[in-house]
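Trainee: I'd like to learn how to read a model like this one. Can we go through it feature by feature?

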2 protein chains.
Amino acid sequence: MSGLRERQKADRHRRIIDAATTLFREAGYEGAKIEAIAAQAEVSIGTIYNYYQNKGDILGAIVSMEVNEVLNAGRGVVASPPANVGDALDTLIGIYIEHSLNYLSKEMWRQAMAISTQLPDSPFGQAYTGLDRELTKQISALIVRLQELGLVRPDIDGPAVGELIFNNMNMMFIEFVKRDEAKIPELRAAIRRQNRVLVAAIGV
Amino acid sequence: MSGLRERQKADRHRRIIDAATTLFREAGYEGAKIEAIAAQAEVSIGTIYNYYQNKGDILGAIVSMEVNEVLNAGRGVVASPPANVGDALDTLIGIYIEHSLNYLSKEMWRQAMAISTQLPDSPFGQAYTGLDRELTKQISALIVRLQELGLVRPDIDGPAVGELIFNNMNMMFIEFVKRDEAKIPELRAAIRRQNRVLVAAIGV
DNA sequence: GAGAAAAGTTGAACCAATTCTAAAATTGAG
DNA sequence: CTCAATTTTAGAATTGGTTCAACTTTTCTC
């Protein structure tokens, strides 16, 4: 373990991701040429392709870090949610949305989403689908948790409702990143409005 | 109007679309080289770029025809829907889904969706967003129609519910085209299940 | 610590979309 | 029929992601 080769490998990974993160934000995904990323990371173009199958996978690694952070932040809400279905959902979704632009610009999100539909079988495509699934599971887990707490009717199909809520939120988020002028508070308000009927229906 | 020049222009448009449709299906979007499309359409590469800004816009024109057909088919359902909320929704969504692979392969859908998020301001991106909006409006219109017919509670926020249902369906459709082995009946069943809670909540 | 094997690095070459240019063809008006 | 305007054409140039064969470095073995 941890021979020179291992350390160099980890270091190159880090340098590539750092360089890409900087350049993606500065110049946009398309604007950040592989050549420039390689230069900034002080490796050759070939080495980048040795570490990542293609440009999209570099972005994928960054997205993955971001979403995992969001998932972590969400665990707290599921563990002890606000004592009210509407607030609980709004809090969890709020965490997702408010964190979403920490590391990734809207343009980076657009590219990431595009690649994940374009190449669903690439490493990134698979990873992205997996992350979506985990977010869905977390929302479903919240519904189930609220059922345990007696805040949601026990006969409700938790997983189905979780999927419905996640899918709606995700679509809204996609539209949000597609419009540069769209603002977070309005996004949250729109989602709250959409969820209202559902919240009323599943609450005890 | 309709001089020779106009007719030739329309004819070239048609030939390009026909050639592209064939080649996209045969070789996939990436596999269909512009050169090959030009050859098959019996025009030069330059002419293609004179008619469409880029390769994506050609696909965009095909998608647009497909979705417009679906929208047309949906009008009938909105005008005289089945006398039951669940069936009405299932019928409309069924039309969307069953028609969806008439002209477009899953691979073409993936590309189209990817391009529309990647370049939301391109002609295609704008058109695609517009089509989504029309589909959303049609679902909302169905809810409102069902309210008029006394099948949906009058105090329900029709547009919000329409958006929720469309967004969920659309996300499910995205996941559907991402997996080549996914089948239409299962997609419909999954959406039905997700909508069930909502249907129960809004029915009189 | 020398030599061979394994693993990793390199950058020039390749490919396809797109742009550009100058020439050729087509059209419609007079 | 002729001319000017518009459009099409072929093909060369550009561009940037990706591939690959030759070269280095690291590790392993004795």
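Mentor: A residue is called buried if 20 or more other C-beta atoms lie within 10 Å of its own, exposed if 12 or fewer, and partly exposed in between, with C-beta atoms placed from the backbone. Keep in mind that this is a predicted model, where local features need pLDDT of at least 70, side-chain atom pairs count only at pLDDT 80 or more, and totals for chains, interfaces and linings use all residues. Residues are numbered from 1 along each chain as its sequence is written, while chains are lettered from A and ligands numbered from 1 in the order in which they are written.

Trainee: How many helices and strands does chain A have?

Mentor: Nine helices and zero strands. Helices (H or I, at least four residues) and strands (E, at least two) are DSSP runs, numbered from the N terminus. Along the sequence, chain A reads α-α-α-α-α-α-α-α-α. Its C-alpha atoms fill a box of roughly 60 × 45 × 25 Å, taken along the principal axes.

Trainee: What share of the contacts in chain A between residues at least 6 apart in sequence join residues at least 24 apart?

Mentor: That share is 68%. Two residues are in contact if their C-beta atoms, placed from the backbone, lie within 7 Å.

Trainee: What does the UniProt record list for chain A?

Mentor: An unreviewed UniProt entry lists residues 10-70 of chain A as "domain: HTH tetR-type". UniProt positions are given in the numbering used here, feature names are shortened, and annotations may be inferred rather than shown by experiment. In the model, that span is 80% helix and 0% strand, and its end C-alpha atoms lie 24 Å apart. The unreviewed entry also has a "DNA-binding region" annotation covering residues 33-52 of chain A. Residues 33-52 of chain A are 75% helix and 0% strand, with 15 Å between the end C-alpha atoms.

Trainee: How should I read phi, say for Glu42(A)?

Mentor: Most residues other than glycine have a negative phi. Glu42(A) has a phi near 60 degrees, a positive value in a residue other than glycine. Glu42(A) sits in the loop between α2 (34-41) and α3 (45-51) of chain A, and counts as exposed because it has 11 C-beta neighbours inside 10 Å. In chain B, Glu42(B) has a phi near 55 degrees, also positive, and lies in the loop between α2 (34-41) and α3 (45-51) of that chain.

Trainee: Which residues touch the most other members of the largest nonpolar core?

Mentor: In soluble globular proteins, nonpolar side chains tend to be buried together. A nonpolar core here is a set of buried Ala, Val, Leu, Ile, Met, Phe, Trp, Tyr and Cys residues joined through C-beta atoms within 7 Å. The largest one has 116 residues, and Ile37(A), Val161(A) and Val161(B) touch the most other members. Leaving out residues up to four places away in sequence, Ile37(A) touches Ile16(A), Ala19(A), Ala20(A), Leu23(A), Ala32(A) and Ile48(A).

Trainee: Is α6(A) mostly covered or mostly open?

Mentor: Mostly covered: 11 of its 13 residues are buried. Among them are Trp109(A), Met113(A) and Ile115(A). Helix α6 (residues 106-118) of chain A reaches 18 Å from its first C-alpha to its last, close to the 18 Å expected at 1.5 Å a residue. That expected span is 1.5 Å times one less than the number of residues.

Trainee: How are the two chains related?

Mentor: Two copies of a chain are related by a rotation about an axis and a shift along it. Here chain B can be laid on chain A with an RMSD of 0.2 Å by a turn of 180 degrees and a shift of 0.1 Å along the axis. The copies are superposed by least squares on the C-alpha atoms of residues with pLDDT of at least 70 in both. The two are thus related as by a two-fold rotation axis. In chain B, the C-alpha nearest the axis belongs to Ala114(B), 1.9 Å from it.

Trainee: Which helices of chain B supply the side that touches chain A?

Mentor: In total, 27 residues of chain B are in contact with 27 residues of chain A. Helices α6 (106-118), α8 (158-178) and α9 (184-202) of chain B each supply at least two residues of that side, and the largest share, 11 residues, comes from α8(B). The copies meet through the same surface, because 100% of the interface residues of chain B are also interface residues in chain A.
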